[in-house]
Amino acid sequence: MALRNAVMAALLEGEASGYDLAKGFQSSVANFWMATPQQIYRELERMESEGLVAARFVLQERRPNKRLFSLTEAGYAAVHAYTTEPPAKPTAIRDELLVKVQCVDVGDLQAVRAAISQRMELAAAKVVRFERMRERLLAGRTEDEYFTTAERIGPYLTLLRGLSLEQDNLRWGEVALKRLDQRAAALAARAESS
């Protein structure tokens, strides 16, 4: 998937500056796409030159002027066309922590254990943030009410996927820590009996 598709998905929320998009990526599409502010700004420039987004200037008194971007008709058409294309390939996991876990048998078990614990802390924080976002989106409605009355359901569905991923990270972390502790105890017992 190209960054432009994620940017267009974020602009479905409405007009935004590059700064707002970069910040919004953390609260809207961050559960499925990551990008740096510089990457977003470069992509917005390309998209503007291709007519997918339009920018307007907003004069500000105490801050630098800013440009607000919105999807053009061509941008909405590109979003529609994008949704008709099959995904290029299934998601591939590229996770340095998993490489460290793969090497734990000849590596530093305690360092790997600490890395897993840190990942669990990050996952727990994301679960809290995603649950707050979920409550904000539901705004007192049940999920069934939301899916039948909300203007857009895509943000909620992607939020559910991000929430599920982080909850799974927590479950996996618990199992991994338990098994690493079990392994450490077995190694210690073997060393004592030698």
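**Salt bridges and a helix in a predicted model**

Reader: Which residues are linked in a network of salt bridges here?
Author: In this predicted model, a network of salt bridges links Arg4, Glu43, Arg46 and Glu50.

Reader: And how do Glu50 and Arg4 meet?
Author: Their side chains form a salt bridge, with an N to O distance of 2.6 Å. The pair links distant parts of the chain, as Glu50 sits in the loop between helix H3 (37-49) and strand S2 (53-58) while Arg4 belongs to helix H1 (residues 3-11), 46 residues apart.

Reader: Is Arg4 buried or exposed?
Author: Arg4 counts as buried because its relative accessibility is 18%, under the 20% limit, whereas Glu50, at 46%, counts as partly exposed.

Reader: OK, switching to helix H8, how many residues does it have?
Author: Helix H8 (residues 154-193) has 40 residues, and from its first C-alpha to its last it reaches 58 Å, close to the 58 Å expected at 1.5 Å a residue.

Reader: Which of the H8 residues are buried?
Author: Among them are Tyr156, Leu159, Leu163, Glu166, Leu170 and Leu177, and what covers the buried residues of H8 includes helix H6 (109-138) and helix H7 (143-149).

Definitions and conventions
Residues numbered from 1 in each chain as written. Predicted model: local features only at pLDDT ≥ 70, side-chain atom pairs only at ≥ 80, totals over all residues. Heavy atoms only, no water. Helix = DSSP H or I, 4+ residues; strand = E, 2+ residues; numbered from the N terminus. Expected span 1.5 Å × (residues − 1). Buried < 20%, exposed > 50% of the residue type's maximum accessible area, 1.4 Å probe, protein only. Contact = heavy atoms within 4.5 Å. Salt bridge = Lys/Arg side-chain N within 4 Å of Asp/Glu carboxyl O.
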